[in-house]
Amino acid sequence: MPMVEVAGKSFEVDEEGYLTNLADWNQDIAGYLAQEEKVEMTDSHWEVVNFLREYYDEYQIAPAVRVLTKAISKKLGADKGNNKYLYELFPYGPAKQACKIAGLPKPTGCI
Amino acid sequence: MAGPEFEVPKLTEYTDVPKIKEGAMAHVKSFPAAKASQEFLGYPWELTEDWQERAINKMGDLLGKYRSLRVFMDACVHCGACTDKCHYFLGTADPKNMPVARQELMRKVYRRYFTLPGKIVPWLVGAEDLTKETLADWYSYYHQCSECRRCSVYCPYGIDTAEITMAGREILNTVGMGQKYSSEILTKVQKIGNNLGLPGPALEDTLLGLEEDIELDTGVPVKIPLDVKGAEILLITPSADFFSEPHVESLIGYAKVFHAAGASWTLSTHASEAGNFGLFNGNYEVMKKVAMRIRDAALELGVKRIIVGECGHAWRVAYSFWNTLTGIGYGGNDPFSIELQSQLDSRYPQPMHICEYTWDLIEKGTLKFDKSLNDDRIITFHDSCNVARGSRMGNEPGGQFTIPRNIIRAVANNFHDMAPETIGEATFCCGGGGGVLTDDLIEVRVKGALPRMNAFNNVVQNNGVNFLGLICAICKAQFTKVIPYYGFDRSMVGGVHQLVSTAIKLD
């Protein structure tokens, strides 16, 4: 598996650039992965990424899109609690792109 | 994830047969499966030393097991009827994506090792040794086939390229050349219960959240029950219905239909997946193991009916294979199948498609709708390949085409079909079926969607269509991803039960 070096630390990623070990994740590697995805991280992006990690900690899976939009809606207001807002933040699709930046495994299946 | 750059085909009024471009898609390589998932599935994870012997032995095994495969290897007369019928050929212009060429990748090897002239005078009969280059071609082009079977409709001999692709993938797996996407999914579904890897507690939390949403939205406490023993109906639906947009809108639709009908129903944590990628990989044993989870759940919960949600290939597996795989329906004769058959209610088809269920209730007048709530939508319907060409619905021939359309017409005022040569039995695949729905194959997916996108664009331009109605989780995910490449908005994509959900009246 390929390795990337960020801020003096090595990280193993898979062929698609997803972090192999969840525990390796830190803000530096998140910033690097975001850059690779051409996503400029703002506070709104971090809100999503942090929520994904919290949810994953509890459930060992990324949240369903509805669960995510609802959480965002509670935190940032109803106007942001929708799929469109998430796509604005993560244009390749919130499920995959946001998970990647959050260091979570890629969701699989018919999604 | 930005992925490789490629040119998106231009939309045209008709899908013209392209001028061929040799090797146009030869660079496409789906990511190889890793050790962990291949080991779990019982396959090697790198090319074995005895790859040639293993491959030929496996081919012999499959030719012996499936008479159809041998017939397909022998019967082709190179008439050319299939050449312009594959969406991947039409979208990529690569001649190896012509169905006959895809078949020929295996046929030339078959001739060399399994026919007398091929053994003696291979150069006279187009027989070739199996080489690493041929295997690489297989890996590339057997992952550029969505096993949609459109070509087989036009083949005068009925040669089914899908079955050849399935055999090709099984042989590739046997020599250590598995595909990451399918391999991971088949591991997750067997370890966790669904393709997503959604564990029970997460599923429960997600469903509770959806119940809250529905009640907030409608004021009616519609439930989405999980693991309820003694429920009458077990709903088996693709796990994407729990996870993704627009899939979840259809799940909400099913729940509202069950609520309005006063039905006792449940989902199962153990069998929280309708999809069965064992079909795509051509491995009957794996397909059986995945399907068995559903029988186990049905016996455990004591249900009397099994209904399948909006998932194309799942419905083919359910309708055409469950009877002999698991004894759901009739066919299995082991003790558990016999127990299940006496448990299931014989007044209903087993399994039943959610569209059959809903349409039946509409015909009986049980469900009431306010069709005007769908008036902002002008709808067309895309027939999913595995439903269209691999199964049926209802009691009449062609029910798989009429029933979903009947439902749409019952819940909405504006419906326009796409061109007849692109729907029904002749439907074009979405471009993401058969294990192709992965980011590493995005170029194949975008280009393969071209014929469908052309037909869709025509009804968008001529009839103002703004909603592409679907009954398959793969189609939903595929179109959500690829229609923006063609300039359409992803919110145009949705499920038939999403339309039901919008218009249904709840008490």
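Let's start in chain B, where strand 1 (residues 233-236) and strand 3 (residues 305-308) run parallel and are joined by four bridges. Helices (H or I, at least four residues) and strands (E, at least two) are DSSP runs, numbered from the N terminus. Two strands count as paired if DSSP finds at least two bridges between them. One residue pair to look for is I236(B), which stands opposite V308(B) in strand 3 of chain B.

Before going on, a word on the model and its numbering. This is a predicted model, in which local features need pLDDT of at least 70 and side-chain atom pairs count only at pLDDT 80 or more, while totals for chains, interfaces and linings use all residues. Residues are numbered from 1 along each chain as its sequence is written, and chains are lettered from A and ligands numbered from 1 in the order in which they are written.

Back to that sheet: it is an open one of four strands in chain B, ordered 2-1-3-4, with parallel pairing. Strand 2 (265-266) and strand 4 (352-353) of chain B sit at the edges with a single partner strand each, so one side of each has no neighbour in the sheet. Helix 15 (residues 284-301) of chain B lies across strand 1, strand 2 and strand 3, running at about 155° to strand 1 of chain B. For such angles, axes are lines fitted to C-alpha atoms (for helices, over the stretch in contact), and the values run from 0 to 180 degrees between N-to-C directions. Contact, here and below, is when the C-beta atoms of two residues, placed from the backbone, lie within 7 Å.

Chain B has another open sheet, with three strands in the order 5-6-7 and parallel pairing. Its edges are strand 5 (379-381) and strand 7 (493-495) of chain B; each has a single partner strand, so one side of each is left without a neighbour in the sheet. On average, and ignoring direction, neighbouring strands of this sheet are turned by 35° against each other. Strand 6 (residues 467-470) of chain B is joined to strand 7 of chain B by three bridges, and the two run parallel. Within that pairing, L468(B) stands opposite V493(B) in strand 7 of chain B. Helix 23 (residues 473-482) of chain B packs on the sheet, touching strand 6 and strand 7, and its direction makes about 165° with that of strand 7 of chain B.

Now for a helix pair. Helix 13 (residues 247-261) and helix 24 (residues 496-503) of chain B pack at an angle of about 55°, with their axes 7 Å apart. The two are therefore oblique to each other (under 35 degrees would be roughly parallel, over 145 roughly antiparallel, 65 to 115 roughly perpendicular, and the rest is oblique). Helix 13 of chain B contributes E249(B), S250(B), I252(B), G253(B), Y254(B), K256(B) and V257(B) to the contact, while helix 24 of chain B contributes H497(B), Q498(B), V500(B) and S501(B). By class, that contact has four nonpolar, five polar and two charged residues. Ala, Val, Leu, Ile, Met, Phe, Trp, Tyr, Cys and Pro count as nonpolar, Asp, Glu, Lys and Arg as charged, and the others, Gly among them, as polar.

What about the backbone? Most residues other than glycine have a negative phi, and most peptide bonds are trans. The bond from E245(B) to P246(B) is cis, with omega near 0°, and P246(B) lies in the loop between helix 12 (240-243) and helix 13 of chain B. Another cis peptide bond joins Q350(B) and P351(B), with omega about -5°; P351(B) lies in the loop between helix 17 (335-343) and strand 4 of chain B.

Positive phi turns up too. K38(A), not a glycine, has a phi of about 60° and lies in the loop between helix 1 (27-36) and helix 2 (43-59) of chain A. K38(A) counts as exposed, with 11 C-beta neighbours inside 10 Å. E147(B), also not a glycine, has a positive phi of about 55°, but it is buried, with 26 other C-beta atoms within 10 Å. The cut-offs, with C-beta atoms placed from the backbone, are 20 or more others within 10 Å for buried, 12 or fewer for exposed, and anything in between for partly exposed.

Finally, the two chains meet: 24 residues of chain A are in contact with 33 residues of chain B. On the chain A side, helix 3 (65-76) and helix 5 (94-101) are the elements that give two or more residues.
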